[in-house]
Amino acid sequence: MKAIFIGNLPPDATEEEVKLLFSAHGRVRSLRLVRDVFSGTCRGFGFVEMEGHEARAAIGALNGLELRGQRLKVNEEQPMKRSGGGRHR
């Protein structure tokens, strides 16, 4: 199972349309668009889980695709890196 990051989504993007884009390349196991707490609009990014070979096919096909004037950024999700901030004792 691979986690995929989707960036640069338009604010009016819906789960249904994003699922439709990805399901053309395989079975979407899970999908979550990050939404603004107050307005409910998409904050411009989300996450999809697919099987490995299907995820690679979706990344290759959808990265750079234009959706309502926005070029999507689609790649394998990378773990967050620690910034090194904080206090040292």
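Which residue's side chain meets that of Arg29 in a salt bridge? In this predicted model, the partner is Glu51, and the N to O distance of the pair is 3.0 Å. A search of the whole structure finds six salt bridges, and the largest nonpolar core has 18 residues. The points below take up the core and then several of the charged pairs.

**The nonpolar core**

- Among the 18 residues of the largest nonpolar core, those that touch the most other members are Ile4, Ile6, Leu9, Phe22, Val48, Met50 and Val74.
- At least two residues of this core come from each of four elements, namely strand 1 (2-7), helix 1 (15-23), strand 3 (42-50) and helix 2 (52-62), and of these helix 2 gives the most to the core, with four residues.
- Ile6, when its neighbours within four places in sequence are left aside, is in contact with Val18, Phe22, Leu31, Gly44, Phe45, Gly46, Phe47, Val48, Lys73 and Val74.
- As a general background to such a grouping, nonpolar side chains tend to be buried together in soluble globular proteins.

**The pair Arg29 and Glu51**

- The salt bridge between the side chains of Arg29 and Glu51 ties together parts that are 22 residues apart in sequence, because Arg29 lies in the loop between helix 1 and strand 2 (30-35), while Glu51 lies in the loop between strand 3 and helix 2.
- Both ends of this pair are partly exposed, Arg29 with a relative accessible area of 37% and Glu51 with a relative accessibility of 26%.

- Arg68 forms a salt bridge with Glu17, in which the closest N and O atoms are 2.8 Å apart.
- Since Arg68 lies in the loop between strand 4 (66-67) and strand 5 (70-71), whereas Glu17 lies in helix 1, this pair ties together parts that are 51 residues apart in sequence.
- Arg68 has a relative accessible area of 44% and is therefore partly exposed, and Glu17, with a relative accessible area of 21%, is also classed as partly exposed, given that buried means under 20%.

- Glu66 is partly exposed, and its relative accessible area is 47%.

Technical notes. Residues numbered from 1 in each chain as written. Predicted model: local features only at pLDDT ≥ 70, side-chain atom pairs only at ≥ 80, totals over all residues. Heavy atoms only, no water. Core = buried A, V, L, I, M, F, W, Y, C linked by side-chain atoms within 4.5 Å. Buried < 20%, exposed > 50% of the residue type's maximum accessible area, 1.4 Å probe, protein only. Contact = heavy atoms within 4.5 Å. Salt bridge = Lys/Arg side-chain N within 4 Å of Asp/Glu carboxyl O.
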